[in-house]
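Here is a short report on one model.

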Amino acid sequence: MKFSEKQIEFFKKLEDYYRRIKEVSAARCKPCGACVDCCYHITNYLHSPLEIDYANYHILKKGNPDNLPLYTWKEHMEKGAGLCVYCDQETKGCKVYEERFNICRIYGPYISDTDLTSFPGCVYKFSSVQRGYGLNLVPYNDEYEELVKGYMELVPEDIREIYDDINTDLFSKTSRKRYEYAAENFKELIEKYPHISYLYACLGRVYRNLGNMPLALEYFRKALEVNPQEEMAYYDIAAWYYQQNMPERAEEEYRAALSCQPDDSQARYNLVFCLVKQKKLAEASAEFKKLLDESFKYEERLLRERELVDIMSDQ
């Protein structure tokens with residue numbers, strides 16, 4: 001695996017970006033512990049060829065003392081679907097922490113989504129920039145995107161086509177293939193770690209994204225058989241019931257999720273909508289009041305209050 005001088009120039013620029021991100025995010029970073037739950041969800045993001053090549057370059061530069069596998073971008077897209085190939089389940093850590101990808105550096109301090117509320121002990125709950133405000137609040141993000149874009153001129157055309165296809169169409173044939181890879185990877189992980197309920201729930205989400213809800217529900221329920229406190233499974237079953245216009249059943253599942261994780265603001269917020277749909281307006285108001293200020297950023301709280309007012313006025 002060799003890299004040209006032009007590629008190495010991009011690696012230096014990316015390294016400088018990583019250095020500055022580390023400096024500016026220091027005040028937001030928290031001791032993360034060792035749950036690695038977010039590693040399952042970060043792989044839903046597509047790492048760029050620049051980041052993969054950067055990691056390989058630096059691993060080789062060190063002499064690869066840990067004898068790590070070195071994957072091309074196409075290989076990583078397949079093998080890293082579901083759970084990152086560098087996530088060590090045994091030690092609960094990252095095998096390439098110094099060379100880790102961009103999303104791994106900003107997920108938590110700057111980026112979160114509703115999945116983050118499903119991580120029982122995540123130290124970043126309620127303190128990240130919420131998804132609704134996007135990457136425009138991440139320092140130097142424009143610079144990072146320009147680096148990625150510039151580096152794409154150096155990669156083979158077939159790589160550019162695959163990367164653009166996935167980034168522009170989440171339901172493209174290539175994107176679907178990646179979910180299929182994820183399904184196979186999660187099945188292998190379940191064989192190896194059958195006691196980890198979270199793996200079953202993640203596999204359920206993969207099948208949900210593939211449009212196979214019967215199989216998705218089967219794995220959500222398997223997660224609960226392994227661990228009746230697997231909140232994410234309750235959450236996803238509830239979301240499906242709500243989509244099927246079954247707010248009563250959705251309410252039951254959201255309440256079960258909240259019994260496992262009472263501070264899951266997203267589950268409680270969705271519960272409010274289930275209650276409104278059943279015209280249980282007093283209960284909906286009471287649940288909404290439980291969403292304390294620290295559960296949502298001020299701006300997002302205002303937006304959600306407006307959503308609630310709009311939906312209640314329609315009842």
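Predicted model: local features only at pLDDT ≥ 70, side-chain atom pairs only at ≥ 80, totals over all residues.

## Helix 10 against helix 11

Start with the residues that touch. Helix 10 brings Met 213, Leu 217, Phe 220, Arg 221, Ala 223 and Leu 224 to this contact. Helix 11 meets them with Ala 233, Tyr 234, Asp 236, Ile 237, Trp 240 and Tyr 241. By class, 10 of the contact residues are nonpolar, none is polar and two are charged.

Two packed helices are described by the angle between their axes and the distance between the axes. Helix 10 covers residues 213–226, and helix 11 covers residues 231–243. Their axes come within 9 Å and cross at roughly 145°. The crossing of helix 10 with helix 11 is left-handed.

## Helix 11 against helix 12

Helix 11 also packs on helix 12, which spans residues 247–260. Here the axes come within 8 Å and cross at roughly 160°. Helix 11 therefore runs roughly antiparallel to helix 12. This crossing, too, is left-handed.

Which residues of helix 11 meet helix 12? They are Glu 231, Tyr 234, Tyr 235, Ile 237, Ala 238, Ala 239, Tyr 241 and Tyr 242. On the side of helix 12 they meet Arg 249, Ala 250, Glu 253, Tyr 254, Ala 256, Ala 257 and Cys 260. The contact of helix 11 with helix 12 holds 12 nonpolar residues, no polar ones and three charged ones.

Tyr 234 of helix 11 takes part in the contact with helix 10 and in the contact with helix 12.

## Helix 13 against helix 14

Helix 13 (residues 265–277) and helix 14 (residues 281–289) have axes that come within 8 Å and cross at roughly 170°. Helix 13 is therefore roughly antiparallel to helix 14. The crossing is left-handed.

Helix 13 contributes Arg 268, Tyr 269, Leu 271, Val 272, Leu 275 and Val 276. Helix 14 contributes Leu 281, Glu 283, Ala 284, Glu 287 and Phe 288. Eight residues of this contact are nonpolar, none is polar and three are charged.

## Aromatic pairs

How many aromatic pairs does the structure hold? There are 14. One of them joins Phe 3 and Tyr 57 edge-to-face, at 5.9 Å centre to centre and with 85° between the planes. Phe 3 sits in the segment before helix 1 (5–25), and Tyr 57 sits in helix 3 (residues 49–61), so the pair ties together parts 54 residues apart in sequence.

## Confidence

The chain has a mean pLDDT of 83, and 82% of its residues reach 70 or more. Among the elements of the chain, helix 10 has the highest mean pLDDT, 97. Helix 15 (residues 298–313) has the lowest, 59.

Over residues 114–118 the pLDDT is below 50. In the model this stretch has 19 contacts beyond near neighbours in sequence.

Note on methods. Residues numbered from 1 in each chain as written. Heavy atoms only, no water. Axes fitted to C-alpha atoms, helices over the stretch in contact; angles between N-to-C directions. Helix = DSSP H or I, 4+ residues; strand = E, 2+ residues; numbered from the N terminus. Left-handed = near helix turned anticlockwise from the far one by under 90°. Contact = heavy atoms within 4.5 Å. Nonpolar A, V, L, I, M, F, W, Y, C, P; charged D, E, K, R; others polar. Parallel < 35°, antiparallel > 145°, perpendicular 65-115°, else oblique. pLDDT = per-residue confidence, 0-100. Phe/Tyr/Trp six-rings, centres within 6.5 Å; stacked < 30°, edge-to-face > 60°.
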